[in-house]
Amino acid sequence: MGNVTVIRRCIDSIIASGIRDIVVVISSNGESIIKEIEHLPVKIAVNRMPESEMAESVRIGCRMIENTVTGILVYPSDHPLVSPNTMKELLQKHMEEPDRILIPYYNQRRGHPTLFPVILLSDLYAGLNLRDII
């Protein structure tokens, strides 16, 4: 990995998987992250509520996705070793079963990222969090 930052490693993997509509949600004190990624093919959104749950960041990010998207991958940046192949497999499975939540497993443990069908994300706006939806 060399001198690549965690966020850059995550974004590079997402890009390598073929995903093109990428939204990065950062906290309001993420100026250094913006400088690191502003030249990449991503949209940047800011969550101004640092104490909020991940669901709030997903809500904020969803406002920026294209209306043709059928699913979103929720990829926490503290998991930089996810391979592009994992995301490709999730995308392929989503094409086969577009209404299912897809979670990769490794050594019988749930991993990341999770792919949510967009249709289920309306539950986020009803106040549910991601665990509730899963």
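**Entry 1: a pair in helix 1**

I began with Asp 12 and Arg 8, whose side chains meet in a salt bridge at 2.8 Å, N to O. For this term I asked for a side-chain nitrogen of Lys or Arg within 4 Å of a carboxyl oxygen of Asp or Glu. A note on the source: this is a predicted model, where local features need pLDDT of at least 70 and side-chain atom pairs count only at pLDDT 80 or more, while totals for chains, interfaces and linings use all residues. Residues are numbered from 1 along each chain as its sequence is written, and side-chain values use heavy atoms, with hydrogens and water left out.

Both Asp 12 and Arg 8 sit in helix 1 (residues 6-16), four residues apart, which is about one turn of the helix. I took helices (H or I, at least four residues) and strands (E, at least two) as DSSP runs, numbered from the N terminus. Asp 12 is partly exposed, with a relative accessible area of 30%, and Arg 8 is partly exposed too, at 23%. My cut-offs here were under 20% relative accessible area for buried, over 50% for exposed and partly exposed in between, with a 1.4 Å probe and protein chains only.

**Entry 2: a pair across the sequence**

Next I looked up Asp 21 and Lys 43, whose side chains meet in a salt bridge at 2.8 Å, N to O. Asp 21 lies in the loop between helix 1 and strand 1 and Lys 43 in strand 2, so this pair ties together parts 22 residues apart in sequence. Lys 43 counts as partly exposed, at 28% relative accessibility.

**Entry 3: strands 1 and 2**

Ile 26 stands opposite Val 46 in strand 2. With helix 2 (residues 31-37), the two strands make a right-handed β-α-β unit: with the strands pointing away from the viewer, the path from the first strand over the helix to the second runs clockwise.

I then turned to Glu 96, which forms a salt bridge with Lys 93, the closest N and O atoms being 3.9 Å apart. They are three residues apart in helix 4 (residues 84-96), so about one helical turn separates them. Lys 93 is partly exposed, at 34% relative accessible area. Lys 93 and Glu 96 also belong to a network of salt bridges with Glu 97 and Arg 100. My search of the whole structure found six salt bridges.

Methods
Pairing = 2+ DSSP bridges.
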